[in-house]
Amino acid sequence: MDYNERNDWDERYRKWKEEKDRKKRQEEARNDESKRAKIIEFIKKEEEKVERVVGKEVKDIEKEVRLHKGVVIGIGIFLILIILGVIIYVNYDPSKIRYQYIDIEVRNASGLPMNVYYKERSLFSLSGWESMLKQGNQSDRLYGNEQYRKIIFDDKGKAYTYIRLEDQIRLEPLTMDPGKVTRIGWFSSQSDVRIEDNIRKEYKKTSVSLGFDNVEINYLIPKKENYFKVMIKADNYTDFSLGFVLNGYDIYLPNGSILINDHQNVDLNKQVDLIVVGNLTENEKDFLKNKVGSEDKKSKAIQLNGTSTSFDDTDYEIFVKNDSAIIVFSEMPTRFENLFKWNVFRIGVDQGNNAYLVILDNANLTYSEDKLDWIINDRYFNGSANDYIDLVLNKMGEIE
Amino acid sequence: MKFHLSERERVIWEHAKHVFSFVFQTLLVIFLLTLLIKEFYPDKVNAYFNINWFMIVVIVFGALSIIFPAKNEEIREEKEPTWKDKVLIIALAVLGGIIIYLKLRNLGWIGIVIPILGALIIGLLSWLVLTEKNEDQDNENTLG
């Protein structure tokens with residue numbers, strides 16, 4: 001074999017080899033491409049699947065969010081209403097809601113206190129204990145109580161009663177039936193008292209019935225006004241004085257004079273004195289004194305001071321304390337009792353008449369020598385006291 | 001302790017958490033308004049409400065909403081305060097000052113100084129709350 005022939009074979013072999021490798025690579029490339037295409041197709045399919053699943057979940061979440069707001073707000077409001085409803089239902093107390101501007105709260109308690117509120121502030125108190133009723137010749141407190149005597153015995157078994165006063169405890173021999181009750185006032189039974197409120201669009205009526213003899217105290221309180229009327233009803237009464245308690249008020253009289261409130265509650269800086277009345281030896285007195293309760297013995301002695309005045313046929317009285325003032329009057333000139341010692345005042349209410357009380361709001365009072373009357377300047381009125389009284393009488397007449 | 005809840009139970013529980021949060025926020029606002037009204041009309045409020053009971057209910061719902069916090073879905077965008085925000089802050093500060101003054105006017109000169117300081121504090125705090133940057137969001141922005 002010559003070299004040329006050999007080279008020719010080598011060359012042909014090399015070309016064949018190259019061609020074979022090329023074809024193999026092409027084949028491999030085709031296979032790779034096919035695999036890639038398959039993978040891509042698989043990924044695409046998987047992506048579609050994931051998208052389908054995730055999309056559904058996303059849609060579900062979106063649906064839940066929309067549902068959430070309506071349901072949450074609905075249930076929330078429902079819960080809040082229930083909570084507020086329960087709190088209001090449990091705590092609702094109509095007695096705390098005051099009729100405006102004036103309200104009267106009658107309490108069936110000792111002394112039958114009738115508190116007067118002005119713009120939700122307790123101002124003063126009308127009182128069954130301090131009111132006096134006269135039937136025939138007999139006069140007594142309108143509403144009182146029943147009292148039994150307190151009894152103690154000495155070492156020989158003799159009975160004594162003891163009475164507690166402002167500055168002393170007085171021990172006296174018992175001279176009457178100890179079981180006999182001391183009754184004070186025309187009425188004293190709380191179970192007989194009936195209190196009724198009747199609220200209408202323009203006014204409130206409060207009726208206090210004391211049980212028998214048709215005795216009633218009726219209040220007529222116009223809505224959003226600063227005055228009210230007190231009507232007394234009783235069979236065949238000859239005299240009635242409406243009592244009220246006003247602490248620290250001076251009194252302005254129609255003639256221009258002023259009664260300064262000289263009430264004093266003096267602390268005597270000592271304990272109450274124990275006084276035994278009767279012919280007893282010192283030892284016997286000491287024995288009795290030791291029988292008195294320690295709390296009574298320890299109580300401090302006080303002394304109440306204050307002048308008392310009364311007037312007949314007076315048009316009105318104005319009670320004044322700082323810028324707070326109250327006019328008290330009746331249809332006709334009537335009598336007034338002023339007891340500064342106890343800060344108790346009374347106005348006479350004759351048959352067919354009523355008592356009126358006007359609460360002056362932020363009042364300024366000056367006396368006019370021309371009109372011979374007090375000039376009132378308050379939140380609701382500017383003029384003389386008599387003009388104010390006429391105005392109130394007219395307005396009250398319109399309500400009825 | 002973790003409970004395994006079904007899908008339905010989870011949805012109900014999420015709703016309940018939102019209800020706690022909503023009821024707490026609403027009751028808190030009503031409670032604060034009631035307290036404010038009570039300062040001026042104590043008898044009227046006392047006739048209807050026992051404020052202590054009300055407070056207990058608010059505390060209970062407050063505790064529930066803290067123990068079981070609702071997921072916040074809304075991400076609020078931070079915006080620069082607008083003129084409406086500024087007017088609101090000033091109005092609230094003035095209103096607060098007036099309320100404090102009405103309660104303290106009987107105290108003389110100090111009854112004027114305290115409302116002014118109160119109004120300034122209300123305005124300042126409102127402004128700080130309004131312009132407060134959300135640190136988490138800032139960090140995210142910085143880190144890219």
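Visitor: Why are helix 4 of chain B and helix 5 of chain B called roughly antiparallel?

Guide: In this predicted model, helix 4 (residues 83-104) and helix 5 (residues 110-131) of chain B pack at an angle of about 150°. Angles over 145 degrees count as roughly antiparallel, and therefore the two helices are roughly antiparallel to each other. Their axes are 8 Å apart, and the crossing is right-handed.

Visitor: Which residues make the contact of these two helices?

Guide: Helix 4 of chain B contributes residues including Ile89(B), Ala93(B), Gly97(B) and Tyr101(B). Among those from helix 5 of chain B are Ile114(B), Gly118(B), Ile122(B) and Trp127(B). By class, the contact has 15 nonpolar, 6 polar and 1 charged residues.

Visitor: How many residues of chain A are in contact with chain B?

Guide: There are 21 residues of chain A in contact with 19 residues of chain B. On the side of chain A, 13 are nonpolar, 3 are polar and 5 are charged.

Visitor: What makes strand 24 and strand 26 of chain A edge strands?

Guide: The open sheet has 3 strands in the order 24-25-26 (chain A), with antiparallel pairing. Strand 24 (364-368) and strand 26 (382-384) each have a single partner strand, so one side of each is left without a neighbour in the sheet. From one strand to the next, the twist averages 20°.

Visitor: With which strands does strand 21 of chain A pair?

Guide: Strand 21 (residues 324-339) pairs with strand 20 (residues 308-321) of chain A over 11 bridges. With strand 23 (residues 354-360) of chain A, strand 21 has 6 bridges, and with strand 22 (residues 344-348) of chain A, 4 bridges. Each of these pairings is antiparallel. Opposite residues include Glu317(A) and Val328(A), and also Ile327(A) and Val358(A). Arg346(A) in strand 22 is the bridge partner of Glu337(A).

Visitor: Which residue takes a positive phi in the hairpin of strand 20 and strand 21 of chain A?

Guide: That residue is Asn322(A), with a phi near 55°, in a hairpin with 2 residues between the strands. The hairpin of strand 21 and strand 22 of chain A has 4 residues between them, and Asn343(A) in the turn has a positive phi of about 55°.

How values were computed
Residues are numbered from 1 along each chain as its sequence is written. Chains are lettered from A and ligands numbered from 1 in the order in which they are written. This is a predicted model: local features need pLDDT of at least 70, side-chain atom pairs count only at pLDDT 80 or more; totals for chains, interfaces and linings use all residues. Axes are lines fitted to C-alpha atoms, for helices over the stretch in contact, and angles run from 0 to 180 degrees between N-to-C directions. Angles under 35 degrees count as roughly parallel, over 145 as roughly antiparallel, 65 to 115 as roughly perpendicular and the rest as oblique. A crossing is left-handed if the near helix is turned anticlockwise from the far one by less than a right angle, and right-handed if clockwise. Two residues are in contact if their C-beta atoms, placed from the backbone, lie within 7 Å. Ala, Val, Leu, Ile, Met, Phe, Trp, Tyr, Cys and Pro count as nonpolar, Asp, Glu, Lys and Arg as charged, and the others, Gly among them, as polar. Two strands pair if DSSP finds at least two bridges between them.
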